[in-house]
Every structure is written in structure tokens, then in C-alpha cells.
Amino acid sequence: MPGHRAAWRRRDFWRSAGASAGRRTNRILLEAFARHGSTSATIAMAPDLATIPPFNPDLEGAATPAAVSAFASAVAVADGLLIATPEYAHGIPGALKNALDWLVSRSEIPGKPVMLVHGSTRGTYVRDHLREVLQTMSVRLFDREAFELHLIGKPVEDARAILDDADQRARIRAHVAAFADFAAGPGLPTA
């Protein structure tokens, strides 16, 4: 409707690197998203996925481990999720897949806006696999062209310098702003 403006509020996004090592390319990429993202969004790092025990459907419900409950609660309160992950043997790293498995039958993930970002221009298998898993979980996948930047093999300081370049900062801000708009809008899970 003309003249109508959606109510504005700061968006709180949660990010996960999909692998637990501290100096990994995707973690460095997500740290740059947190630094340069947007004044309209807060981007916080997810807990270390390695703290989540292996998925066991017998432990769902009242027996859910505390680490899983904390993880699910963080997902529930986030306005959206940013996920960056490496590709391991053409698939999703075990820690990330395990964390997602814990959410499959829970209420925190359906309809949740999710943006995938990539610290590599390779890894198309994991992107397709992750997209399939997330669609099965009924998330709302951000449909804009993916943010990807080849950082694999670069020393940590070089990768950070690339991400701190003015052009990359602008790209990151644009992606976060577009994702914030997407997350604020109505939507159904991606089919």
C-alpha cells in the first residue's frame, strides 16, 4: 500500500561456521560479517558446535542434553541464521550436520530465514547438500546470489585484509542489509 512502511527493528542474526577450528576460512568470513555487516543487524557467533553431543532421538524431549537446549534456544531467538561451511568429502561437516539433526523435529527452525555465505568459490556439493537439508527442515533460504569469496589457503592476516578492503566491506553490508529486509518480510519456507 502506498506510503506504508514496515515497522523497523534491529535484527539479531546468529552465525555458524560449520567447523569448529578457530582459524578456519569460514569463521574468518563470518567474523568479517559481524564487523562490517550493518547498523541494522547484530551478528553474534553461535556456540561451538563441537559441544553438541551426537544426535540421539532417544534423548529428545525431557532428556534433551543441556548443550542442545542452549543451541536450540539460540536459534529460536535469532531473527535469522548465517551459515558458512567448508565441504568435507562432498558433504556437510559432521558437527554442523549433527547440530541440524537435533533441530529436525523441533519448532525452532521451520520458517527461520537462513543466508549461506562461502569462504571459497569451490564446494558446490556442500552448498547443494546443505540447501537440500535446510529446505527439508522448512527454513526460508535467502534467494539473493550467494556471497562467496575465495579465501582458502590464504594466511589469516591476508584473508582478514581482503575482507577489510572497502569493496568487500560494501559487499558484506549490502548482503546483510538485503538479508535483514528478507528476514523482516513475510514468507513461507523455501520449497
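**Aromatic pairs.** I searched the whole structure, a predicted model, for aromatic pairs and found five. I took rings of Phe, Tyr and Trp (its six-membered ring) as paired if their centres lie within 6.5 Å, with planes under 30 degrees apart counted as stacked, over 60 as edge-to-face and the rest as tilted. For Phe-33 and Phe-147 I noted ring centres 5.0 Å apart and planes at 85°, so this pair is edge-to-face. Phe-33 belongs to helix H1 (residues 25-36) and Phe-147 to strand E6 (residues 147-148), so the pair ties together parts that are 114 residues apart in sequence. Helices (H or I, at least four residues) and strands (E, at least two) are DSSP runs, numbered from the N terminus. I found both Phe-33 and Phe-147 buried; buried means under 20% relative accessible area, exposed over 50% and partly exposed in between (1.4 Å probe, protein chains only). I also recorded a cluster in which ring pairs link Phe-142, Phe-179 and Phe-182.

**Conventions.** Residue numbers start from 1 along each chain as its sequence is written, and side-chain values use heavy atoms, without hydrogens and water. Because the model is predicted, local features need pLDDT of at least 70 and side-chain atom pairs pLDDT 80 or more, while totals for chains, interfaces and linings use all residues.

**Helix packing.** I looked up H3 and helix H4 (residues 124-136), whose axes come within 11 Å and cross at roughly 10°. Axes are lines fitted to C-alpha atoms, for helices over the stretch in contact, and angles run from 0 to 180 degrees between N-to-C directions. H3 and H4 are therefore roughly parallel (under 35 degrees; over 145 is roughly antiparallel, 65 to 115 roughly perpendicular and the rest oblique). Leu-96, Lys-97 and Leu-100 of H3 make the contact with Leu-130, Val-133 and Leu-134 of H4, where contact means heavy atoms within 4.5 Å.

I then examined helix H5 (residues 156-164) and helix H6 (residues 166-184), which pack at about 70° with axes 5 Å apart. H5 and H6 are therefore roughly perpendicular to each other. On the H5 side I listed Ile-162, Leu-163 and Asp-164, which meet Ala-166, Gln-168, Arg-169 and Ile-172 in H6.

**Glu-108.** I located Glu-108 in the loop between helix H3 (94-103) and strand E4 (113-118). Glu-108 counts as buried because its relative accessibility is 14%. Leaving aside residues up to four places away in sequence, Glu-108 touches Ala-72, Val-75, Ala-76 and Leu-103.
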